[in-house]
Amino acid sequence: MTDMLNQEVVATVNVTIDGVELQVPKGTLAIRAAELIGVEIPRFCDHPLLEPVAACRACLIEVEGMPKPQPACAQVVSDGMTIHTQQSSAVARDAQEGVLEFLLLNHPLDCPVCDKGGECPLQNQAMSAGRSESRFEGEKRIFEKPIPISAQILLDRERCVSCARCTRFSEQIAGDPMIELLERGANQQVGIASDEPFNSYFSGNTIQICPVGALTSADYRFRSRPFDLVSTPTACEHCASGCSLRTDSRRGEVTRRLAWEDPQVNEDWNCDKGRFAFRYQAQDRITTPLVREDGTLRPASWPEAIDVAARGLQAAGSATGVLTGGRLSVEDAYGYAKFARGVLGTDHIDFRSRANSEEEAQFLRACVAGTPLTVSYAALESAPFVLLVAFEPEDESPIVYLRLRKAGTRVVSIATRGTKGLAKMGGSLLAVVPGREAQALRDLPADIRQALSQPGAVILVGERIAASVGGPTAVASLAAATGAALAWIPRRAGERGALDAGALSGLLPGGRPLTDARARSEVAAAWGVDADSLPSTPASDVLDAASRRSLKALLVAGVDPADMPAPFVTDAALERAAFIVSLDHHYSEITEFADVVLPVALVTEKSGTFIDWEGRPRPFAQVFKDSLAMSDASVLGMLARAMGATAGAWDGPGIRREITALGTWSGQSAEVPAVEPEVGPTDGFRLASWRELLDAGVMQEGEPHLAATARPVVAVVSSSALSALGSPASVTVTGPLGSVQLPVEAGEVLDNVIFVPMNAPGCSIYTDLGARIGAAVDVTAGGVA
Amino acid sequence: MAELPQAVRGFWVTFRTMFKKVVTEQYPEDAAKFPPKPRFHGRHQLNRWSDGLEKCVGCELCAWACPADAILVEGASNTEEERFSPGERYGRVYQINYTRCIFCGLCIEACPTRALTMTNVFELADNNRADLIFEKKDLLAPMLPGMVAPPHAMVEGSTEQDYYANRIKGPGPVDQGVNP
């Protein structure tokens, strides 16, 4: 705050536009200054987040004292400048009409078959600022159309006006300069290298910013016109970056999703997963409640299914485990937290359907749950130094990657593998053996410690720190020792919300420790239950063997056993659990074992809120307003009533009111963990892994075009390890459960480390190898067959 | 002279009319004798090129122009294996809801390929709403001699531009000599 107050007053200049005098900050572009008085100068290449290039020349204006019309998008206003736009100058109007006529010379005018038709800046500005007739009588230039520049992105070179928005985005914002303007003159065209398609994680943004129909997606090809679409502001459910989206639907079906402008979070961008992966929503839905009878599930009515589920849960009571997965809205996660404590009287609740540890839970309770929004995207941009720990931004939170790259922040990454993403951020690598991040954090070089103690320095820790014994402890103590701000970036969109909602053992909503009597009484008052009925001792890990044996029932929401390191919910474990109630929208391995399956609403069928990694609420509106599907919390409310409990509100607005009224915990927060790092030899190959952005995730099902732009599935070893193996083209990696054969390449890993994608098609470290991060695996050259 | 009673005067009008020429047209008995005027706005038709390919490109401009929201179109991509129209795009779904249509003809004016025109057919009454939603199969023009039912490839050696310039005169090769 003091920084902001001490900031120098911004220098301004006086300028006259169309006879209107105005004062603007020094360095303002003429096109922006004109916007301030409501004058829209036509433009194609101009984009507020890209460097000016003045490529399209559509924005010509007359500046007094300059001999020729100037491009408004590149003309910085200076003090005393007098500008005439098309509104007040025949010269400017003529120039703009001339440019538009030129831009249309080779344009095919195939608007009827063009996906941009109806929302096309070229159409609109040709009408508003162009001549009504063309004087061109020659033959138009012809290109083959469309050509795929990736499996997803189609390029129609005839329509291109060479504004270079796409190439500038790829180079300046995404850092993937895979497309470039080739040739000259009338033959100028966007192109790719012959051996490298445009497989950028951010390629979809070029479609959105293309001011003509030159770039379109295979996914949305000819699907609808803008006037068919109903647009809803939503938030992305794929990761914790928290992008604002616009979801367009037609006749009960989502047709496309666009990045929605949000300067504080995703600016104008999003990643291809958030943009293109939504077809999973419509596939394989559970449409009615199901009840198990004689070993098989049969459709049942809601009252019957609720009755069976309520009786089973009532019988198990506090011996029920609640697994909520990481994808719920904060309202639904809060519903589970309340249902577990207030109705079932159990503290066996966990949202982490991934590799986790008790130490991590302690860390989350102490350092993350209920903390205010201190480390934000803006803070990343202004930070002098950012330390990444067990976190690969490009794969695990792409908007964080974009923001770190934009700021040019000094980045050091404590990671198991150096990636292109890290190189594109200009970061440097501190390579570690997987699982041994803790020791590296303790032995940090002095200069990094120094950098972390600068004001504004940030430590970003990923969810994979849970795989390192002592890792969360070391992160917490490093932050405390250096004074650096600490932020935890999970992968899934619902994890931070679930944490704040108290869907973790030992934790009540708002970061309240379960062990604190005042915290319990505050929450009990909000829920309208007796404070003594709430559990007061934190449960041990829901998923460990001991508690699994003691549990008589499981209440499970959207958990995929394959996301857990083996063998959490192996088939046998599921069968052993006496009574399983599954709340899900899709059939899964859990629903196969469930005694009662209750269908719940998708993100498109309810409104709600995600909390992004910053702690910022990301509300989303209901896309399908006439959907009858019920949210998890509403279904839990029905269960609660059937079990004779009320415990406050169970509808979205009611829960939001409860959360707001409760606020965050003001008292003493939980103890930080104190776990010693794992020491000992790390002989043999150790497994490094994370989930790549585009992989075999269930929420990317039904998207062949998107899947084809994923990175190739390869194992990575160091160059010396590769030559020690005899420089094979492929390796066989063997874990306790089995082995996979993968192409191999040399990369930035330690000599005894092999990187394998966590959940790529045909290669899951949990289900195929049975290994977890840091485990010793066998690596042999060549194939098994 | 004494006035005739009102009733008699009324009947006189009736009586006199019995000897005048009848203007009532007998429908449906004499329907063939009185065809609609050539530019009467009747039921729509989706036209074909002379080789049978559909003219509709699924652009939805008709639906956009429609003031009664009676038209629904969904486009789709032609492939080399399955081609319904020249060029990249065709109308996969085409519906006109005749309970809504006001026969204004704005859709016809909007159509960029002259795929949509209106016939003189006006006998559209039905006893239920569902049957008044005409699908693409109901609206497509009949196959004329020389036409081949799509899907099939464009005439050999032609591009969609040849179709739009009316250079395609049948399923045979492009007649370069014809001036459009």
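**Aromatic pairs**

I count two rings of Phe, Tyr or Trp as a pair if their centres lie within 6.5 Å. I am working on a predicted model. Over all chains, I find 17 aromatic pairs in the structure.

I then asked where each partner sits. A:Tyr377 belongs to helix α11 (residues 377-382) of chain A, and A:Trp613 to the loop between β28 (608-611) and β29 (617-620), so the pair ties together parts 236 residues apart in sequence. A:Tyr377 is buried, at a relative accessible area of 0%. A:Trp613 is buried as well, at 1%.

Next I went to chain B. The rings of B:Phe15 and B:Phe19 have centres 5.3 Å apart and planes at 70 degrees, so this pair is edge-to-face. B:Phe15 is partly exposed, with a relative accessible area of 42%. B:Phe19 is exposed, at 64%.

**Charges over rings**

I looked for lysines over aromatic rings in chain B. The charged end of B:Lys55 sits over the ring of B:Trp49, 4.7 Å from its centre. I also found B:Lys136 over the face of B:Phe84, at 5.4 Å from the ring centre.

I turned to helix α9 (residues 330-344) and helix α24 (residues 652-662) of chain A. They pack at an angle of about 75 degrees, and their axes are 10 Å apart. That makes α9(A) roughly perpendicular to α24(A). I listed the residues that meet. From α9(A) they are A:Val330, A:Glu331, A:Tyr334 and A:Lys338. From α24(A) they are A:Gly652, A:Ile655, A:Arg656, A:Glu658, A:Ile659 and A:Leu662. By class, I get five nonpolar, one polar and four charged residues in this contact.

**A covered helix**

How many residues of helix α10 (residues 358-367) of chain A are buried? I find eight of its 10, and I call the helix mostly covered. Among the buried ones are A:Glu359, A:Glu360, A:Phe363 and A:Arg365. I traced what they pack against. The buried residues of α10(A) pack against β21 (458-462), α17 (471-482), β22 (485-489), α18 (495-501) and β23 (507-508) of chain A.

**A:Ala696**

I placed A:Ala696 in the loop between β30 (685-688) and α25 (704-707) of chain A. It is partly exposed, with a relative accessible area of 33%. Leaving aside neighbours within four places in sequence, I find A:Ala696 in contact with A:Asn759, A:Ala760 and A:Pro761. I also took its C-alpha distance to A:Val581, 115 residues away along the chain, and got 26 Å.

**Backbone notes, chain B**

Most residues other than glycine have a negative phi, and most peptide bonds are trans. I looked for exceptions.

A cis peptide bond joins B:Tyr27 and B:Pro28, with omega about 5 degrees. B:Pro28 lies in the loop between α1 (6-17) and β1 (44-46). I found another cis bond between B:Pro150 and B:Pro151, with omega about 10 degrees. B:Pro151 is in the loop between α4 (136-139) and α5 (160-164).

I then checked for positive phi. B:Asp69 has phi near 50 degrees, and its place is the loop between α2 (61-65) and β2 (71-77). For B:Asn166 I read phi near 60 degrees. B:Asn166 lies in the segment after α5 of chain B. At 41% relative accessibility, B:Asn166 counts as partly exposed.

Note on methods. Residues are numbered from 1 along each chain as its sequence is written. Chains are lettered from A and ligands numbered from 1 in the order in which they are written. This is a predicted model: local features need pLDDT of at least 70, side-chain atom pairs count only at pLDDT 80 or more; totals for chains, interfaces and linings use all residues. Side-chain values use heavy atoms; hydrogens and water are left out. Axes are lines fitted to C-alpha atoms, for helices over the stretch in contact, and angles run from 0 to 180 degrees between N-to-C directions. Helices (H or I, at least four residues) and strands (E, at least two) are DSSP runs, numbered from the N terminus. Angles under 35 degrees count as roughly parallel, over 145 as roughly antiparallel, 65 to 115 as roughly perpendicular and the rest as oblique. Contact means heavy atoms within 4.5 Å. Ala, Val, Leu, Ile, Met, Phe, Trp, Tyr, Cys and Pro count as nonpolar, Asp, Glu, Lys and Arg as charged, and the others, Gly among them, as polar. Rings of Phe, Tyr and Trp (its six-membered ring) pair if their centres lie within 6.5 Å; planes under 30 degrees apart count as stacked, over 60 as edge-to-face and the rest as tilted. Buried means under 20% relative accessible area, exposed over 50%, partly exposed in between (1.4 Å probe, protein chains only). A charge sits over a ring if NZ of Lys or CZ of Arg is within 6 Å of the ring centre and within 35 degrees of the ring normal.
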